[in-house]
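Biologist: Please take one part of this model, the sheet, and go through it closely. After that, describe what else can be said about the rest of the chain.

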Amino acid sequence: MPDWTTTTADERYGVSRWGADYFSVMDNGELGVFSASSGESRCSTSLFDMVKRLQERNIAPPFLLRFNNILEHQVRLLNEAFANAIESQQYGNRYQGVFPIKVNQQRHVIEKLIEVGSPWQYGLEVGSKPELIVALASLAQHQPEERLIVCSGYKDAEFIDLCLTATQLGIRCFIVIETPQELTLILERSAKAGVDPFLGVRSKISTEMSGHWNETSGDRSVFGLTASQVVRCVDQLKAAGKLHCLQLLHFHLGSQIPDIRDIRNGVSEALQVYVSLFQEGAPMGTLNMGGGMAVDYSGLRSSTEHSMNYGLDEYAADVVEAVKATLDEQEVPHPVLVSETGRAIVAYSSVLVFNILDTMEFSTVDLPARDAHDGNEVIANLWHAVDNTSEQRLQETVNDAAYYREELLKQFSQGHISLRLRADGDQLFYAVLAKAEKIMADMPYVPDDLKKYRALLADVYYGNFSLFQSLPDAWAIDQLFPVMPIHRLDEEPQRRAVISDITCDCDGKIDQFIDGYDISGTLPVHNIRPEEDYFIGAFLVGGYQETLGSLHNLFGDTNMVSVDIRGDGSFKLNQELDGDSIADVLSYTEYDPRQLLEQFRSFVESRIDSGHIAANQRRKIIRNFQDSMSGYTYYETEGE
Ligand code: PLP
């Protein structure tokens with residue numbers, strides 16, 4: 001194996017491929033975050049330094065770091081990509097994006113997006129009444145009349161009334177008709193309010209997408225109107241004399257669409273609907289293509305599910321080209337182009353950092369004493385396998401060892417051998433795997449049958465985080481996120497591990513990692529040094545993860561901090577937010593912390609009466625209980 005350098009680390013963990021110019025391995029072996037992306041003078045800042053600074057401030061891990069610079073840069077890249085495509089193709093209108101609040105509803109994120117999106121009149125897409133309230137309040141101070149609000153989802157009278165109020169206040173607040181029933185209610189409420197609404201229709205798109213979220217597309221998608229429902233909608237609007245209100249077509253092809261050809265095909269189909277609506281006499285003027293732009297989580301730059309075979313510029317250029325070509329042919333004026341790009345805007349900006357609390361090691365094997373196996377033949381065979389593991393007969397030896405181990409297990413289950421002997425057999429089996437692993441490390445090609453044994457040898461590194469709270473998609477849909485150590489990258493990692501969280505759920509583990517150009521079940525990690533924290537980062541977690549997180553095992557929100565990186569690489573920690581306390585998460589699940597304290601207090605009193613504890617212990621016991629209630633839900637090292 002060539003000497004390990006930071007370049008090897010970059011290769012192995014794939015940082016340059018998934019990092020989109022925002023992350024890099026620094027010469028000192030720490031993971032760097034760039035103040036700005038390509039094209040400008042770049043300066044990278046150590047993520048590990050930020051973690052140390054947070055610890056100095058007594059902010060305990062796990063923490064979520066949000067990088068404002070990255071948010072701002074992604075918004076700029078998206079808008080510039082469309083501006084360039086529009087200019088170079090002489091498209092006759094402009095692009096105006098809206099951020100779908102559901103992708104990250106955190107106040108600081110929304111406020112930052114609105115602030116940095118001002119030059120491009122960046123608006124918001126909402127899918128519920130609470131989200132609309134957030135949108136109206138957040139845009140209030142930022143020239144709301146120049147921005148768009150797009151209202152999706154099922155809408156009741158109250159939701160519609162709120163949209164109409166926004167319209168009265170001078171905001172272009174589009175009500176998107178998602179179901180055939182909605183229009184009657186919208187017409188009723190707008191007649192009552194005396195307001196002409198800005199209306200859009202959401203059309204189902206039959207073109208099916210590849211990738212994880214392909215069910216949002218196709219004829220059987222839950223949302224949107226079929227062709228005949230769109231036609232009925234137009235007729236109803238004509239009958240009510242309100243066709244002039246119909247000014248937007250919306251379609252959403254799905255999220256994380258890996259293949260640009262699918263996007264082109266979907267857009268082409270939607271354009272035919274747009275043209276038809278225009279020809280029916282609706283003024284139209286806005287084409288809202290929903291979300292779907294992917295993020296290259298694996299860095300493989302391919303049309304596989306965790307990746308994408310296009311970049312932001314190509315996405316914009318292809319959409320603009322498809323729209324222009326179709327509409328020019330049909331002599332339809334070019335509409336304002338809107339996208340509800342969510343994931344691609346926010347994914348890069350958040351990083352979850354957690355410390356490793358403990359490890360369970362399988363790869364360090366203590367061999368049992370040679371003569372202590374009471375003449376057991378299976379143990380003797382396992383010893384033979386240990387002594388004869390070599391590259392020539394690797395597969396055969398490993399298969400033999402696995403077979404003998406099973407034999408030994410049978411003997412144990414039938415009560416023929418002791419627990420001690422079984423433990424010796426296990427050790428010998430792992431010793432064969434450890435020898436095999438060393439040989440495999442130098443093999444140019446490792447057959448799949450052998451690779452599967454690697455996972456058995458992997459250590460377990462216990463991370464101070466909850467998968468269900470912080471990376472729910474990793475559990476729910478096997479979403480791959482780049483995960484790697486954020487320091488010691490100039491040292492060769494000597495171990496391979498799966499990362500387990502601290503929930504007591506066997507699903508609470510990460511076992512998919514980027515390994516060069518492969519996806520591996522184990523992560524290369526370093527030995528843990530005594531008295532030294534080892535930190536792992538989970539990257540690209542700014543989209544969906546914060547909102548979908550659940551309170552499984554009652555682990556709450558992590559501590560959070562926003563980071564501004566200055567041009568010279570120095571940084572400022574802003575808006576530190578404490579994660580949930582135990583009392584907080586208990587109240588989310590309908591417990592009243594005060595009542596719990598009262599119940600505990602009376603229990604303690606009863607134990608004094610019964611003589612279990614002395615009266616002078618009472619105060620301390622109750623104070624401990626109270627302190628626990630106000631503490632962090634995650635593992636806290638003493639003194640934190
Ligand atoms: N718009 C709608 C209607 C959606 O349902 C979604 C998410 O699925 C989005 C926008 C955001 O999509 P993405 O995050 O893929 O950009």
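**The sheet and beyond**

Modeller: Cys 151 stands opposite Ile 175 in strand E8; the model is a predicted one. The two strands concerned are E7 (residues 148-151) and E8 (residues 172-177), which pair in the parallel sense over four bridges. Helix H7 (residues 157-168) packs on the sheet, where it touches strand E6 (123-126), E7, E8 and strand E9 (198-202). The direction of H7 makes about 150° with that of E8.

The sheet is open and has eight strands, in the order E5-E6-E7-E8-E9-E10-E11-E12, with parallel pairing. Its edges are strand E5 (98-100) and strand E12 (336-338). Each of these has a single partner strand, so one side of each is left without a neighbour in the sheet. On average, and with direction ignored, neighbouring strands are turned by 25° against each other.

Next, the ligand. There are 15 residues around the ligand, of which Ser 255, Glu 340, Gly 342, Arg 343 and Tyr 544 come nearest. An N or O atom in the side chain of Ser 255 is 2.5 Å from an oxygen atom of the ligand. The backbone also takes part: a polar backbone atom of Gly 292 is 3.0 Å from an oxygen atom of the ligand, and a backbone N or O atom of Arg 343 lies 2.9 Å from a ligand oxygen atom.

Tyr 544 sits in the loop between strand E21 (535-538) and helix H19 (545-548). Phi of Tyr 544 is near 75°, a positive value in a residue other than glycine. Its relative accessibility is 17%, so Tyr 544 counts as buried, the limit being under 20%. Asn 553 likewise has a positive phi, near 60°, and lies in the loop between H19 and strand E22 (559-565). With a relative accessible area of 36%, Asn 553 is partly exposed.

One more backbone feature is a cis peptide bond between Pro 61 and Pro 62, with omega about 5°. Pro 62 belongs to the loop between helix H3 (47-56) and strand E4 (63-67).

Residues touched by Phe 23 include Trp 18, Leu 31, Phe 34, Ile 70, Tyr 348 and Phe 539.

How values were computed: Residues are numbered from 1 along each chain as its sequence is written. This is a predicted model: local features need pLDDT of at least 70, side-chain atom pairs count only at pLDDT 80 or more; totals for chains, interfaces and linings use all residues. Side-chain values use heavy atoms; hydrogens and water are left out. Contact means heavy atoms within 4.5 Å. Two strands pair if DSSP finds at least two bridges between them. Axes are lines fitted to C-alpha atoms, for helices over the stretch in contact, and angles run from 0 to 180 degrees between N-to-C directions. A residue is near a molecule or strand if one of its heavy atoms lies within 4 Å of it. A polar contact is a pair of N or O atoms within 3.5 Å; within protein, one must be able to donate a hydrogen and the other to accept it, and residues adjacent in sequence count only if both atoms are side-chain atoms. Buried means under 20% relative accessible area, exposed over 50%, partly exposed in between (1.4 Å probe, protein chains only). Lists of a residue's contacts leave out its neighbours within four places in sequence.
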